[in-house]
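Biologist: I have a model open and would like to learn how to read it. Could you take me through a few features?

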Amino acid sequence: MGNQQAMETQAVRQDDKTPGLIAAIDLGSNSFHLIVARYEEGEIRPIERIGEKIQLAAGIDEEGNLDQRAMRRGWACLRRFSQYIEGMKPDLIRIVGTKALRMARNRRVFTRTAESILKCPVEVISGREEARLIYLGASHTQSDDHGQRLVVDIGGGSTELIIGERFEPKLLESLHMGCVVYSARFFPDGVITAERFDQAYYAARLEVLNVLKNYRRMGWDEVLGSSGTIKSVEQVLVAGGVTQQGITRAGMETLRQRVIEIGHVDQIQLEGLKPDRANIFPAGLAILTAVFDALRLKRMQYSDGALREGLLYDMVGSQQHEYVRERTLNALMRRYRVDKKHARRVRKQALVCFRQVAESWRLGAYEREILSTAAWLHELGMAVSHTRYHKHGDYLVRHSDMLGFTSYEQRAIALLIRGHRRSLPMHLYENMSPYYRERVVRLTILLRLSIVLNHIRSEDTLPEYQLSVEGTRLTLDLGSGWLHEHPLIRADFAREVERLAVAGYSLLVQ
(Lines give C-alpha, C1' and ligand atoms only; values in the text may rest on other atoms or scores of the structure.)
Protein backbone atom coordinates (compact mmCIF):
# COMPACT_ATOMS: atom_id res chain seq x y z
CA MET A 1 0.00 0.00 0.00
CA GLY A 2 2.89 2.38 0.75
CA ASN A 3 4.54 2.46 -2.70
CA GLN A 4 1.28 3.07 -4.52
CA GLN A 5 0.43 5.92 -2.13
CA ALA A 6 3.84 7.52 -2.66
CA MET A 7 3.46 7.29 -6.44
CA GLU A 8 0.04 8.95 -6.33
CA THR A 9 1.32 11.73 -4.08
CA GLN A 10 4.19 12.37 -6.50
CA ALA A 11 1.75 12.46 -9.42
CA VAL A 12 -0.29 15.11 -7.63
CA ARG A 13 2.84 17.24 -7.16
CA GLN A 14 3.68 17.14 -10.83
CA ASP A 15 0.30 18.61 -11.68
CA ASP A 16 0.59 21.54 -9.26
CA LYS A 17 0.75 25.11 -10.48
CA THR A 18 4.14 25.49 -8.78
CA PRO A 19 5.75 22.09 -9.43
CA GLY A 20 8.07 20.86 -6.71
CA LEU A 21 7.02 23.36 -4.02
CA ILE A 22 5.90 21.99 -0.67
CA ALA A 23 5.26 23.75 2.64
CA ALA A 24 4.82 23.05 6.32
CA ILE A 25 3.55 25.19 9.18
CA ASP A 26 4.25 24.34 12.82
CA LEU A 27 1.76 25.93 15.23
CA GLY A 28 3.97 25.60 18.29
CA SER A 29 3.22 26.53 21.88
CA ASN A 30 5.81 29.31 21.76
CA SER A 31 6.31 30.16 18.08
CA PHE A 32 4.66 29.57 14.72
CA HIS A 33 7.02 28.54 11.93
CA LEU A 34 6.59 28.32 8.16
CA ILE A 35 8.96 26.56 5.79
CA VAL A 36 8.55 26.49 2.02
CA ALA A 37 10.86 24.18 0.10
CA ARG A 38 11.49 22.86 -3.36
CA TYR A 39 11.38 19.08 -3.75
CA GLU A 40 13.50 17.97 -6.70
CA GLU A 41 15.21 14.67 -7.48
CA GLY A 42 14.58 13.31 -4.02
CA GLU A 43 16.01 16.36 -2.23
CA ILE A 44 14.29 19.02 -0.14
CA ARG A 45 15.77 22.51 -0.54
CA PRO A 46 14.28 25.21 1.72
CA ILE A 47 13.65 28.50 -0.03
CA GLU A 48 11.73 30.35 2.71
CA ARG A 49 11.82 30.12 6.51
CA ILE A 50 9.73 32.38 8.74
CA GLY A 51 9.11 32.21 12.48
CA GLU A 52 7.04 34.40 14.77
CA LYS A 53 6.80 34.29 18.54
CA ILE A 54 3.12 33.85 19.44
CA GLN A 55 3.30 32.18 22.89
CA LEU A 56 0.00 30.38 22.41
CA ALA A 57 0.54 28.35 25.60
CA ALA A 58 0.68 31.55 27.65
CA GLY A 59 -2.88 32.29 26.52
CA ILE A 60 -4.47 29.22 28.10
CA ASP A 61 -6.61 30.28 31.08
CA GLU A 62 -7.46 28.41 34.29
CA GLU A 63 -10.38 26.66 32.58
CA GLY A 64 -8.13 25.32 29.83
CA ASN A 65 -9.32 27.66 27.08
CA LEU A 66 -7.26 29.83 24.76
CA ASP A 67 -8.02 33.49 25.39
CA GLN A 68 -8.99 35.85 22.58
CA ARG A 69 -5.70 37.76 22.62
CA ALA A 70 -3.63 34.62 22.05
CA MET A 71 -5.94 33.47 19.26
CA ARG A 72 -5.85 36.86 17.57
CA ARG A 73 -2.04 36.86 17.70
CA GLY A 74 -2.05 33.45 16.03
CA TRP A 75 -4.58 34.38 13.35
CA ALA A 76 -2.69 37.57 12.48
CA CYS A 77 0.49 35.53 12.03
CA LEU A 78 -1.30 33.01 9.82
CA ARG A 79 -2.65 35.77 7.60
CA ARG A 80 0.95 36.78 6.96
CA PHE A 81 1.96 33.16 6.37
CA SER A 82 -0.92 32.65 3.94
CA GLN A 83 0.75 34.91 1.37
CA TYR A 84 3.59 32.42 1.00
CA ILE A 85 1.39 29.39 0.28
CA GLU A 86 -1.23 31.08 -1.88
CA GLY A 87 -1.95 29.04 -4.98
CA MET A 88 -0.51 25.80 -3.63
CA LYS A 89 -2.74 22.75 -3.38
CA PRO A 90 -3.67 21.58 0.14
CA ASP A 91 -2.08 18.20 -0.64
CA LEU A 92 1.29 19.94 -0.75
CA ILE A 93 0.95 21.69 2.61
CA ARG A 94 1.03 20.27 6.14
CA ILE A 95 -0.13 22.37 9.08
CA VAL A 96 0.08 20.92 12.59
CA GLY A 97 -0.63 22.11 16.10
CA THR A 98 1.25 20.79 19.13
CA LYS A 99 1.00 20.92 22.92
CA ALA A 100 -0.90 24.18 23.39
CA LEU A 101 -3.60 23.15 20.94
CA ARG A 102 -3.68 19.64 22.43
CA MET A 103 -4.39 21.23 25.81
CA ALA A 104 -6.89 23.89 24.74
CA ARG A 105 -10.50 22.88 25.27
CA ASN A 106 -11.65 25.40 22.66
CA ARG A 107 -9.02 24.50 20.05
CA ARG A 108 -11.67 24.06 17.36
CA VAL A 109 -12.51 27.75 17.67
CA PHE A 110 -8.92 28.54 16.78
CA THR A 111 -8.41 25.86 14.12
CA ARG A 112 -11.65 26.61 12.25
CA THR A 113 -10.59 30.21 11.70
CA ALA A 114 -7.03 29.10 10.92
CA GLU A 115 -8.35 26.76 8.23
CA SER A 116 -10.41 29.52 6.65
CA ILE A 117 -7.33 31.78 6.56
CA LEU A 118 -4.94 29.18 5.15
CA LYS A 119 -7.46 27.27 2.99
CA CYS A 120 -5.90 24.06 4.32
CA PRO A 121 -6.67 21.54 7.06
CA VAL A 122 -5.05 22.03 10.47
CA GLU A 123 -4.07 18.85 12.30
CA VAL A 124 -3.50 18.68 16.05
CA ILE A 125 -0.98 15.89 16.50
CA SER A 126 -0.32 13.69 19.53
CA GLY A 127 2.83 14.05 21.61
CA ARG A 128 4.39 10.83 20.35
CA GLU A 129 3.59 11.72 16.74
CA GLU A 130 5.23 15.09 17.34
CA ALA A 131 8.28 13.25 18.69
CA ARG A 132 8.41 11.00 15.61
CA LEU A 133 8.30 13.97 13.25
CA ILE A 134 10.96 15.84 15.23
CA TYR A 135 13.27 12.84 14.99
CA LEU A 136 12.63 12.60 11.26
CA GLY A 137 13.57 16.25 10.79
CA ALA A 138 16.65 16.09 13.01
CA SER A 139 17.97 12.84 11.55
CA HIS A 140 17.79 14.16 7.98
CA THR A 141 20.19 16.98 8.90
CA GLN A 142 22.84 14.50 10.07
CA SER A 143 25.19 12.14 8.26
CA ASP A 144 23.58 8.78 7.59
CA ASP A 145 25.72 6.92 10.13
CA HIS A 146 24.99 3.71 11.94
CA GLY A 147 24.57 3.86 15.68
CA GLN A 148 21.82 5.18 17.91
CA ARG A 149 21.17 8.85 18.55
CA LEU A 150 19.21 10.64 21.24
CA VAL A 151 17.25 13.70 20.12
CA VAL A 152 15.96 16.24 22.67
CA ASP A 153 13.50 18.96 21.69
CA ILE A 154 12.34 21.54 24.24
CA GLY A 155 9.24 23.34 23.02
CA GLY A 156 6.94 25.88 24.57
CA GLY A 157 4.55 23.34 26.06
CA SER A 158 6.28 19.95 25.91
CA THR A 159 9.67 18.29 25.66
CA GLU A 160 10.25 15.36 23.33
CA LEU A 161 12.87 12.65 23.90
CA ILE A 162 13.57 10.21 21.07
CA ILE A 163 16.10 7.44 20.57
CA GLY A 164 16.49 6.15 17.03
CA GLU A 165 18.87 4.76 14.47
CA ARG A 166 19.32 6.41 11.09
CA PHE A 167 15.78 7.52 10.12
CA GLU A 168 13.82 5.14 12.37
CA PRO A 169 12.76 6.18 15.88
CA LYS A 170 12.78 3.35 18.43
CA LEU A 171 11.73 5.04 21.67
CA LEU A 172 9.44 8.07 21.76
CA GLU A 173 8.19 10.20 24.66
CA SER A 174 6.56 13.60 25.00
CA LEU A 175 6.90 15.06 28.50
CA HIS A 176 4.66 17.71 30.06
CA MET A 177 7.24 20.46 30.42
CA GLY A 178 8.07 23.40 28.18
CA CYS A 179 9.71 26.80 28.36
CA VAL A 180 6.48 28.84 28.06
CA VAL A 181 4.54 26.71 30.54
CA TYR A 182 7.42 26.63 33.03
CA SER A 183 7.98 30.39 32.68
CA ALA A 184 4.38 31.03 33.72
CA ARG A 185 4.59 28.47 36.52
CA PHE A 186 7.97 29.27 38.12
CA PHE A 187 8.78 32.82 36.95
CA PRO A 188 5.29 34.41 36.71
CA ASP A 189 6.44 37.96 37.50
CA GLY A 190 9.78 37.62 35.73
CA VAL A 191 11.84 37.54 38.92
CA ILE A 192 14.69 34.99 38.80
CA THR A 193 16.05 33.54 42.04
CA ALA A 194 18.13 30.46 42.82
CA GLU A 195 15.13 28.97 44.62
CA ARG A 196 12.79 29.47 41.66
CA PHE A 197 15.33 28.11 39.21
CA ASP A 198 15.79 25.01 41.37
CA GLN A 199 12.02 24.50 41.59
CA ALA A 200 11.80 24.47 37.80
CA TYR A 201 14.84 22.20 37.61
CA TYR A 202 13.48 19.60 40.04
CA ALA A 203 10.02 19.63 38.46
CA ALA A 204 11.70 18.78 35.15
CA ARG A 205 13.83 16.08 36.81
CA LEU A 206 10.65 14.42 38.08
CA GLU A 207 9.16 14.45 34.58
CA VAL A 208 12.25 12.78 33.11
CA LEU A 209 12.31 10.28 35.99
CA ASN A 210 9.13 8.69 34.63
CA VAL A 211 10.92 7.50 31.48
CA LEU A 212 14.52 7.39 32.67
CA LYS A 213 14.90 3.64 33.05
CA ASN A 214 13.90 2.77 29.48
CA TYR A 215 16.14 5.43 27.98
CA ARG A 216 19.21 4.46 29.93
CA ARG A 217 18.63 0.81 29.10
CA MET A 218 18.48 1.46 25.35
CA GLY A 219 21.44 3.86 25.28
CA TRP A 220 22.80 6.09 22.50
CA ASP A 221 25.97 7.00 20.67
CA GLU A 222 25.36 10.71 20.03
CA VAL A 223 23.08 13.44 21.40
CA LEU A 224 21.28 16.07 19.32
CA GLY A 225 19.13 18.98 20.43
CA SER A 226 16.62 20.82 18.27
CA SER A 227 14.36 23.90 18.33
CA GLY A 228 14.65 27.36 19.85
CA THR A 229 15.66 26.77 23.46
CA ILE A 230 18.59 24.52 22.65
CA LYS A 231 19.67 26.74 19.75
CA SER A 232 19.63 29.76 22.06
CA VAL A 233 21.68 28.04 24.77
CA GLU A 234 24.33 26.97 22.26
CA GLN A 235 24.48 30.44 20.66
CA VAL A 236 24.96 32.13 24.04
CA LEU A 237 27.69 29.66 25.05
CA VAL A 238 29.54 30.13 21.76
CA ALA A 239 29.14 33.92 21.72
CA GLY A 240 30.47 34.09 25.29
CA GLY A 241 33.47 31.96 24.46
CA VAL A 242 32.41 29.22 26.89
CA THR A 243 32.41 26.56 24.14
CA GLN A 244 33.41 26.53 20.50
CA GLN A 245 30.49 24.33 19.50
CA GLY A 246 27.72 22.42 21.24
CA ILE A 247 26.44 22.48 24.81
CA THR A 248 28.20 21.19 27.92
CA ARG A 249 27.01 20.77 31.49
CA ALA A 250 29.68 23.13 32.79
CA GLY A 251 28.59 25.74 30.26
CA MET A 252 24.98 25.57 31.45
CA GLU A 253 26.07 26.00 35.07
CA THR A 254 27.81 29.22 34.02
CA LEU A 255 24.58 30.41 32.38
CA ARG A 256 22.54 29.42 35.45
CA GLN A 257 24.67 31.60 37.70
CA ARG A 258 24.55 34.45 35.19
CA VAL A 259 20.74 34.60 34.86
CA ILE A 260 20.31 34.36 38.65
CA GLU A 261 22.69 37.30 39.06
CA ILE A 262 20.68 39.29 36.50
CA GLY A 263 17.56 38.65 38.58
CA HIS A 264 14.76 39.52 36.15
CA VAL A 265 13.84 38.40 32.63
CA ASP A 266 13.43 42.02 31.52
CA GLN A 267 17.10 42.63 32.28
CA ILE A 268 18.50 39.62 30.42
CA GLN A 269 20.86 40.80 27.70
CA LEU A 270 23.18 37.98 26.70
CA GLU A 271 25.30 38.02 23.59
CA GLY A 272 23.87 35.50 21.13
CA LEU A 273 20.36 35.56 22.66
CA LYS A 274 17.51 37.06 20.67
CA PRO A 275 15.60 39.63 22.75
CA ASP A 276 12.24 37.91 22.13
CA ARG A 277 13.49 34.72 23.83
CA ALA A 278 14.78 36.39 26.99
CA ASN A 279 11.59 35.93 29.03
CA ILE A 280 11.53 32.15 28.50
CA PHE A 281 15.27 31.56 28.58
CA PRO A 282 15.60 30.75 32.34
CA ALA A 283 12.81 28.15 32.20
CA GLY A 284 14.25 26.53 29.08
CA LEU A 285 17.71 26.47 30.67
CA ALA A 286 16.32 24.80 33.81
CA ILE A 287 14.62 22.09 31.73
CA LEU A 288 17.71 21.45 29.63
CA THR A 289 19.92 21.24 32.73
CA ALA A 290 17.53 18.72 34.28
CA VAL A 291 17.59 16.60 31.10
CA PHE A 292 21.40 16.67 31.09
CA ASP A 293 21.63 15.55 34.71
CA ALA A 294 18.88 12.93 34.56
CA LEU A 295 20.31 11.28 31.45
CA ARG A 296 23.94 11.91 32.48
CA LEU A 297 24.75 13.74 29.27
CA LYS A 298 28.18 15.23 28.69
CA ARG A 299 27.69 17.13 25.44
CA MET A 300 24.89 17.96 23.02
CA GLN A 301 25.09 19.18 19.43
CA TYR A 302 22.44 21.44 17.95
CA SER A 303 20.49 20.13 14.95
CA ASP A 304 18.84 22.58 12.57
CA GLY A 305 16.15 20.04 11.66
CA ALA A 306 13.04 19.79 13.81
CA LEU A 307 9.28 19.36 13.52
CA ARG A 308 8.68 21.48 10.44
CA GLU A 309 11.49 19.76 8.51
CA GLY A 310 10.11 16.42 9.68
CA LEU A 311 6.73 17.39 8.24
CA LEU A 312 8.30 17.99 4.85
CA TYR A 313 10.15 14.67 4.79
CA ASP A 314 7.01 12.94 6.04
CA MET A 315 4.93 14.55 3.31
CA VAL A 316 7.11 13.56 0.37
CA GLY A 317 6.22 9.94 1.04
CA SER A 318 9.58 8.60 2.11
CA GLN A 319 9.83 4.84 2.34
CA GLN A 320 10.38 5.14 6.07
CA HIS A 321 7.12 7.03 6.58
CA GLU A 322 5.16 4.47 4.61
CA TYR A 323 6.85 1.69 6.57
CA VAL A 324 5.80 3.31 9.87
CA ARG A 325 2.16 3.54 8.76
CA GLU A 326 2.13 0.00 7.42
CA ARG A 327 3.69 -1.35 10.61
CA THR A 328 1.13 0.49 12.75
CA LEU A 329 -1.73 -0.79 10.62
CA ASN A 330 -0.51 -4.40 10.66
CA ALA A 331 -0.03 -4.30 14.42
CA LEU A 332 -3.63 -3.15 14.95
CA MET A 333 -5.00 -5.83 12.63
CA ARG A 334 -3.05 -8.54 14.44
CA ARG A 335 -3.98 -7.29 17.88
CA TYR A 336 -7.71 -7.23 17.12
CA ARG A 337 -7.74 -10.26 14.80
CA VAL A 338 -9.17 -8.51 11.77
CA ASP A 339 -10.40 -10.73 8.92
CA LYS A 340 -7.75 -9.63 6.42
CA LYS A 341 -9.26 -11.40 3.41
CA HIS A 342 -12.57 -9.62 3.83
CA ALA A 343 -10.86 -6.31 4.64
CA ARG A 344 -8.77 -6.63 1.49
CA ARG A 345 -11.88 -7.20 -0.65
CA VAL A 346 -13.64 -4.21 0.87
CA ARG A 347 -10.56 -2.02 0.41
CA LYS A 348 -10.25 -3.10 -3.23
CA GLN A 349 -13.82 -2.05 -4.05
CA ALA A 350 -13.53 1.13 -1.99
CA LEU A 351 -10.55 2.19 -4.10
CA VAL A 352 -12.35 1.22 -7.33
CA CYS A 353 -15.20 3.53 -6.29
CA PHE A 354 -12.71 6.20 -5.23
CA ARG A 355 -10.96 6.26 -8.60
CA GLN A 356 -14.25 6.73 -10.42
CA VAL A 357 -15.38 9.74 -8.38
CA ALA A 358 -12.09 11.34 -7.24
CA GLU A 359 -12.04 13.99 -9.97
CA SER A 360 -15.70 14.96 -9.64
CA TRP A 361 -15.53 15.13 -5.83
CA ARG A 362 -12.03 16.66 -5.82
CA LEU A 363 -10.53 13.94 -3.66
CA GLY A 364 -6.77 13.43 -3.63
CA ALA A 365 -4.10 11.08 -2.32
CA TYR A 366 -4.66 12.26 1.25
CA GLU A 367 -8.33 11.23 1.20
CA ARG A 368 -7.44 7.99 -0.55
CA GLU A 369 -5.17 7.01 2.32
CA ILE A 370 -7.89 7.68 4.89
CA LEU A 371 -10.42 5.59 2.95
CA SER A 372 -7.91 2.77 2.44
CA THR A 373 -7.02 2.63 6.14
CA ALA A 374 -10.67 2.72 7.23
CA ALA A 375 -11.43 -0.16 4.86
CA TRP A 376 -8.67 -2.26 6.43
CA LEU A 377 -9.91 -1.48 9.95
CA HIS A 378 -13.69 -1.24 9.55
CA GLU A 379 -14.31 -4.49 11.48
CA LEU A 380 -11.78 -3.72 14.22
CA GLY A 381 -14.51 -3.46 16.86
CA MET A 382 -15.59 -7.08 16.41
CA ALA A 383 -12.77 -8.00 18.79
CA VAL A 384 -14.86 -6.33 21.51
CA SER A 385 -18.36 -7.40 20.50
CA HIS A 386 -20.41 -8.15 17.38
CA THR A 387 -23.08 -5.84 18.79
CA ARG A 388 -22.45 -2.23 17.76
CA TYR A 389 -18.97 -3.15 16.60
CA HIS A 390 -18.82 0.00 14.45
CA LYS A 391 -18.93 2.07 17.66
CA HIS A 392 -16.29 -0.09 19.33
CA GLY A 393 -14.05 0.29 16.27
CA ASP A 394 -14.51 4.07 16.38
CA TYR A 395 -13.38 4.11 20.02
CA LEU A 396 -10.37 1.86 19.45
CA VAL A 397 -9.04 3.95 16.57
CA ARG A 398 -9.59 7.26 18.37
CA HIS A 399 -7.74 6.11 21.48
CA SER A 400 -4.98 3.95 19.98
CA ASP A 401 -1.42 5.24 19.66
CA MET A 402 -1.12 5.16 15.86
CA LEU A 403 2.38 6.21 14.84
CA GLY A 404 2.53 7.71 11.38
CA PHE A 405 -1.03 9.04 11.56
CA THR A 406 -2.00 12.52 12.69
CA SER A 407 -4.81 13.11 15.17
CA TYR A 408 -6.97 14.45 12.31
CA GLU A 409 -6.34 11.32 10.28
CA GLN A 410 -7.22 9.12 13.25
CA ARG A 411 -10.39 11.09 13.84
CA ALA A 412 -11.38 10.86 10.17
CA ILE A 413 -10.66 7.12 10.03
CA ALA A 414 -12.64 6.61 13.23
CA LEU A 415 -15.61 8.53 11.80
CA LEU A 416 -15.57 6.39 8.65
CA ILE A 417 -15.61 3.26 10.81
CA ARG A 418 -18.39 4.69 12.99
CA GLY A 419 -20.50 5.50 9.93
CA HIS A 420 -19.89 2.42 7.81
CA ARG A 421 -23.11 0.68 8.91
CA ARG A 422 -26.57 1.52 10.16
CA SER A 423 -27.57 5.19 9.93
CA LEU A 424 -25.00 7.84 9.11
CA PRO A 425 -24.12 9.62 12.42
CA MET A 426 -24.76 13.16 11.15
CA HIS A 427 -24.65 14.59 14.67
CA LEU A 428 -20.96 13.69 14.92
CA TYR A 429 -20.15 15.96 11.98
CA GLU A 430 -21.83 19.09 13.39
CA ASN A 431 -18.69 20.66 14.86
CA MET A 432 -16.58 20.02 11.77
CA SER A 433 -15.83 22.71 9.22
CA PRO A 434 -17.80 22.35 5.95
CA TYR A 435 -14.53 21.41 4.19
CA TYR A 436 -13.94 18.43 6.47
CA ARG A 437 -17.57 17.43 6.84
CA GLU A 438 -18.14 17.08 3.12
CA ARG A 439 -15.02 14.95 2.60
CA VAL A 440 -15.61 12.69 5.59
CA VAL A 441 -19.24 12.07 4.61
CA ARG A 442 -18.30 11.31 0.99
CA LEU A 443 -15.51 8.93 2.00
CA THR A 444 -17.94 7.20 4.38
CA ILE A 445 -20.41 6.74 1.51
CA LEU A 446 -17.70 5.13 -0.62
CA LEU A 447 -16.82 2.77 2.22
CA ARG A 448 -20.49 1.86 2.72
CA LEU A 449 -20.94 1.09 -0.99
CA SER A 450 -17.89 -1.17 -1.03
CA ILE A 451 -19.19 -3.07 2.00
CA VAL A 452 -22.58 -3.63 0.38
CA LEU A 453 -20.86 -4.91 -2.75
CA ASN A 454 -19.05 -7.44 -0.56
CA HIS A 455 -22.15 -8.39 1.40
CA ILE A 456 -21.82 -12.15 0.85
CA ARG A 457 -18.14 -12.16 1.93
CA SER A 458 -17.09 -14.47 -0.87
CA GLU A 459 -14.57 -14.48 -3.70
CA ASP A 460 -17.34 -14.23 -6.32
CA THR A 461 -16.34 -11.88 -9.10
CA LEU A 462 -18.22 -8.60 -9.17
CA PRO A 463 -19.36 -7.17 -12.50
CA GLU A 464 -17.59 -4.28 -14.17
CA TYR A 465 -19.63 -1.50 -12.59
CA GLN A 466 -19.64 2.25 -13.06
CA LEU A 467 -20.09 4.76 -10.24
CA SER A 468 -20.71 8.35 -11.28
CA VAL A 469 -21.46 11.40 -9.16
CA GLU A 470 -22.79 14.87 -9.67
CA GLY A 471 -22.65 16.80 -6.43
CA THR A 472 -24.80 14.85 -3.96
CA ARG A 473 -26.31 12.54 -6.60
CA LEU A 474 -24.76 9.11 -7.14
CA THR A 475 -25.53 6.57 -9.83
CA LEU A 476 -24.23 3.00 -9.58
CA ASP A 477 -24.61 0.97 -12.77
CA LEU A 478 -24.02 -2.76 -12.07
CA GLY A 479 -24.98 -3.97 -15.53
CA SER A 480 -28.06 -5.67 -16.84
CA GLY A 481 -29.52 -8.43 -14.65
CA TRP A 482 -26.77 -8.64 -12.00
CA LEU A 483 -28.73 -6.98 -9.22
CA HIS A 484 -31.77 -9.17 -9.92
CA GLU A 485 -29.59 -12.28 -9.47
CA HIS A 486 -28.38 -11.09 -6.04
CA PRO A 487 -31.51 -10.32 -3.98
CA LEU A 488 -29.66 -9.87 -0.65
CA ILE A 489 -27.42 -7.18 -2.12
CA ARG A 490 -30.46 -5.62 -3.81
CA ALA A 491 -32.17 -5.41 -0.41
CA ASP A 492 -29.03 -3.89 1.12
CA PHE A 493 -28.91 -1.23 -1.55
CA ALA A 494 -32.59 -0.42 -1.01
CA ARG A 495 -31.84 0.33 2.67
CA GLU A 496 -28.75 2.29 1.64
CA VAL A 497 -30.82 4.54 -0.60
CA GLU A 498 -33.00 5.46 2.40
CA ARG A 499 -30.07 6.04 4.75
CA LEU A 500 -28.13 8.23 2.34
CA ALA A 501 -31.26 10.31 1.70
CA VAL A 502 -31.23 11.34 5.37
CA ALA A 503 -27.70 12.67 4.82
CA GLY A 504 -28.83 14.67 1.79
CA TYR A 505 -27.49 12.28 -0.85
CA SER A 506 -29.46 10.44 -3.53
CA LEU A 507 -28.40 7.01 -4.80
CA LEU A 508 -29.67 5.32 -7.93
CA VAL A 509 -28.66 1.66 -8.33
CA GLN A 510 -29.38 -0.03 -11.63
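Biologist: Let's start with a single residue. In which helix is glutamate 129 found?

Modeller: Glutamate 129 is in helix 5, residues 127-139. Helices (H or I, at least four residues) and strands (E, at least two) are DSSP runs, numbered from the N terminus. Before we go on: this is a predicted model, where local features need pLDDT of at least 70 and side-chain atom pairs count only at pLDDT 80 or more, while totals for chains, interfaces and linings use all residues. Residues are numbered from 1 along each chain as its sequence is written, and side-chain values use heavy atoms, with hydrogens and water left out.

Biologist: Is glutamate 129 buried or exposed?

Modeller: We call a residue buried under 20% relative accessible area, exposed over 50%, and partly exposed in between (1.4 Å probe, protein chains only). Glutamate 129 has 1% relative accessibility, so it counts as buried.

Biologist: And what does the side chain of glutamate 129 join in a polar contact?

Modeller: A polar contact is a pair of N or O atoms within 3.5 Å; within protein, one must be able to donate a hydrogen and the other to accept it, and residues adjacent in sequence count only if both atoms are side-chain atoms. Here the partner is the side chain of arginine 132, at 2.9 Å.

Biologist: Now the cysteines. How many disulfides does a search of the whole structure find?

Modeller: Look for a pair of cysteine sulfur atoms within 2.5 Å. The search finds zero. Take cysteine 77: the closest cysteine sulfur, in cysteine 120, is 15 Å away, too far for a bond. Cysteine 77 is buried at 0% relative accessible area, and cysteine 120 is buried at 4% relative accessibility.

Biologist: How many aromatic pairs are there?

Modeller: Rings of Phe, Tyr and Trp (its six-membered ring) pair if their centres lie within 6.5 Å; planes under 30 degrees apart count as stacked, over 60 as edge-to-face and the rest as tilted. The whole structure has five such pairs. One of them is tyrosine 201 with tyrosine 202, edge-to-face at 4.9 Å centre to centre and 80° between the planes. Tyrosine 201 is buried at 10% relative accessible area, whereas tyrosine 202 is exposed at 52%.

Biologist: Why is the pair of tryptophan 361 and tyrosine 505 edge-to-face?

Modeller: Because their planes are at 85°, with the ring centres 6.3 Å apart. Tryptophan 361 lies in helix 14 and tyrosine 505 in the loop between helix 19 and strand 14, so the pair ties together parts 144 residues apart in sequence.
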